[in-house]
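Here is a short briefing to read alongside the model. Please keep the structure open as you go through the points.

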Amino acid sequence: MTPGPPRLPRLLRDNALSVTMFGAFALFIVLQSVFGWQARNEELADYGVAADSYLHYLRTGHFAEAVFENWESEFLQMGSYVLLTAYLVQRGSAESKQPDEPDRPQDLPGAATGDSPKPSRRRGFAQVLYRNSLSLVLLGFFVLSFAGHLLGGVAEHNEQEALRGRPPISALEFLGSPDFWFQSMQNWQSEFLAVGALIVLSIVLRQHGSPESKPVTAPDAQTGE
């Protein structure tokens, strides 16, 4: 009997996309923290203040604001995209359902089989939650990131004010400031621009082998993969 491939390489092969994505995330957030720490200490030096240690920097508003400001826009983008593609279409796009396409048979209540996830076999509110769980969780992460951006942002604002000898403000005051919404809007607009570009460009452009693209030989009018 021929032995199968080693378990670990198979595990990595079967999860290569998520391992690569989360590996890249870990690398880039570490690099962000290192460069942010250096930038922050250059700023402190300009004010004649002692430099932060790296571990102290990770607890500052400077780092928290930068992280959560970006997470907020990413989760808003993905949560909105998952939810909107359930109801809206773009004819010819690989990212869209077919126009007038009914729910997939597997999505209908009562279509669960013995192999289906347990929540899909339940009835009532539990199934409603599960049927919408992906968009709910992504938008939930958006809400948490929004709160993190707000708290990190007011901490960073007050750290800057302290360097200038000015009094701090509350999170509620920062929420009502143009600075907070400027930070949010500059990220939100770019996320929706990128998704909109992907939706429209996938009508006429292709990437062989990618599930985000129609087949190379598919006509432009074909909607969906």
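Glu 95 sits in the loop between helix H4 (61–84) and helix H5 (118–121); helices here are DSSP runs of H or I with at least four residues, numbered from the N terminus. This is a predicted model, in which local features need pLDDT of at least 70 and side-chain atom pairs count only at pLDDT 80 or more, while totals for chains, interfaces and linings use all residues. Residues are numbered from 1 along each chain as its sequence is written, and side-chain values use heavy atoms, with hydrogens and water left out.

**A buried charge**
- Glu 95 is buried yet has no salt bridge; buried means under 20% relative accessible area, exposed over 50% and partly exposed in between, with a 1.4 Å probe and protein chains only.
- A salt bridge needs a side-chain nitrogen of Lys or Arg within 4 Å of a carboxyl oxygen of Asp or Glu, and the nearest side chain of opposite charge to Glu 95, Lys 214, is 10 Å away.
- Setting aside neighbours within four places in sequence, Glu 95 has contacts (heavy atoms within 4.5 Å) that include Tyr 81, Leu 198 and Glu 212.

**Aromatic pairs**
- There are 12 aromatic pairs, counted when ring centres of Phe, Tyr and Trp (its six-membered ring) lie within 6.5 Å; planes under 30 degrees apart are stacked, over 60 edge-to-face and the rest tilted.
- Phe 180 and Trp 181 are edge-to-face because their planes stand at 85 degrees, with centres 5.1 Å apart.
- Trp 181 and Trp 188 also form an edge-to-face pair, with centres 6.4 Å apart and planes at 90 degrees.
- Phe 180 is buried at 0% relative accessibility, whereas Trp 181 is partly exposed at 32%.

**Salt bridges**
- The structure holds 7 salt bridges.
- Glu 43 pairs with Arg 40, their closest N and O atoms being 3.4 Å apart; both lie in helix H2 (residues 16–46), 3 residues apart, about one turn of the helix.
- Arg 40, Glu 43, Asp 52 and Glu 159 are linked in a salt-bridge network.
- Asp 220 and Arg 206 meet in a salt bridge at 3.0 Å, N to O, tying together parts that are 14 residues apart in sequence.

Technical notes:
Helix = DSSP H or I, 4+ residues; strand = E, 2+ residues; numbered from the N terminus. Lys, Arg positive; Asp, Glu negative; His and termini not counted.
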